Amino acid sequence: MCIRDSIFSDNGNNEDHKDEGIKVSKFMPLNKPNLRVEIPQFKNGQLDCVIKAEEMTRVDKQSVKIKNMEIDFFEDNAKQMSVFLKNGKYNFLDNTLDSNDKTKLIIPNYFTLIGDSMVFDLDKKQGRMTGKVRMVIKNSVKVMDRAKKSHNIEKNKFDALFFSRGINSIIESLKTIRR
């Protein structure tokens, strides 16, 4: 099933739903599983993310139960981040995904983050992982070089400085623990 711009609301204005993405799942029938769902989401006419799930079931007026979900976030038509979760629940009211199963977040060429559970805000594109969390940093030398360059040049499209500060604080914490 692929949900596109063919979703209609009661007010008949289809443009209101153009940038809603996963929120269009509120039009799914209650307690009826939708298999192999793919939902593109656009912001200002640009592809913002693509949401894929093996199964989505609307369980009440404000939430959808999700199995095997992958969300790819884009900026300037390039994939910036991917989030994978086995089981989760999407809340329409606060536009968040909650998962109590292992969840993976990947920023290509930078890091992979795996945690026991996660709450993810789709509007802010940020979340919080809890439980046992593991981070694998990819090519940290390249990240640090980009951070130095982005500090001297106008804001980089992908703010490596943010990640370099995070990496530095993690490294400092590890050094302190080992002492």
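Asn 44 is located in the loop that links β1 and β2, where helices (H or I, at least four residues) and strands (E, at least two) are DSSP runs numbered from the N terminus. The model is predicted: local features require pLDDT of at least 70 and side-chain atom pairs count only at pLDDT 80 or more, while totals for chains, interfaces and linings use all residues. Residues are numbered from 1 along each chain as its sequence is written, and side-chain values use heavy atoms, with hydrogens and water left out.

The phi angle of Asn 44 is near 55°, a positive value in a residue other than glycine. At 76% relative accessibility, Asn 44 is classed as exposed; in this scheme, buried means under 20% relative accessible area, exposed over 50%, and partly exposed in between (1.4 Å probe, protein chains only). A positive phi, near 60°, is also found at Asn 77, again in a residue other than glycine. Asn 77 belongs to the loop between β3 and β4 and is exposed, with a relative accessible area of 57%.

The loop between β2 and β3 contains Gln 62, which is partly exposed at a relative accessible area of 36%. Although 30 residues separate Gln 62 from Phe 92 in sequence, their C-alpha atoms are 5.1 Å apart in space. Beyond its neighbours within four places in sequence, Gln 62 is in contact (heavy atoms within 4.5 Å) with Tyr 90, Asn 91, Phe 92 and Leu 93.

The chain as a whole comprises two helices and ten strands, arranged from the N terminus as β-β-β-β-β-β-β-β-β-β-α-α. Of its 179 residues, 38% are buried. Among contacts with a separation of 6 or more, 39% join residues 24 or more positions apart.

In soluble globular proteins, nonpolar side chains tend to be buried together. The largest nonpolar core of the chain has 27 residues, and Leu 97, Leu 105 and Phe 120 have the most contacts inside it. Such a core is a set of buried Ala, Val, Leu, Ile, Met, Phe, Trp, Tyr and Cys residues joined through side-chain atoms within 4.5 Å. At least two residues of this core are supplied by each of β1 (34-43), β2 (46-60), β3 (63-75), β4 (78-91), β6, β7 (111-115) and β8 (117-121); the largest share, five residues, comes from β3. With neighbours within four places in sequence left aside, the contacts of Leu 97 include Ile 66, Met 69, Ile 71, Leu 85 and Phe 120.

Thr 103 lies in strand β6, which spans residues 103-107, and is buried, with a relative accessible area of 1%. Its side chain makes a polar contact of 3.5 Å with that of Ser 99, and also reaches the backbone oxygen of Asp 101 at 3.0 Å. A polar contact is a pair of N or O atoms within 3.5 Å; within protein, one must be able to donate a hydrogen and the other to accept it, and residues adjacent in sequence count only if both atoms are side-chain atoms. Residues up to four places away in sequence not being counted, Thr 103 touches Val 83, Phe 84, Leu 85, Leu 113, Ile 114, Gly 115, Met 118 and Met 129.

Ile 170 is placed in helix α2 (residues 160-178) and is partly exposed, with a relative accessible area of 35%.
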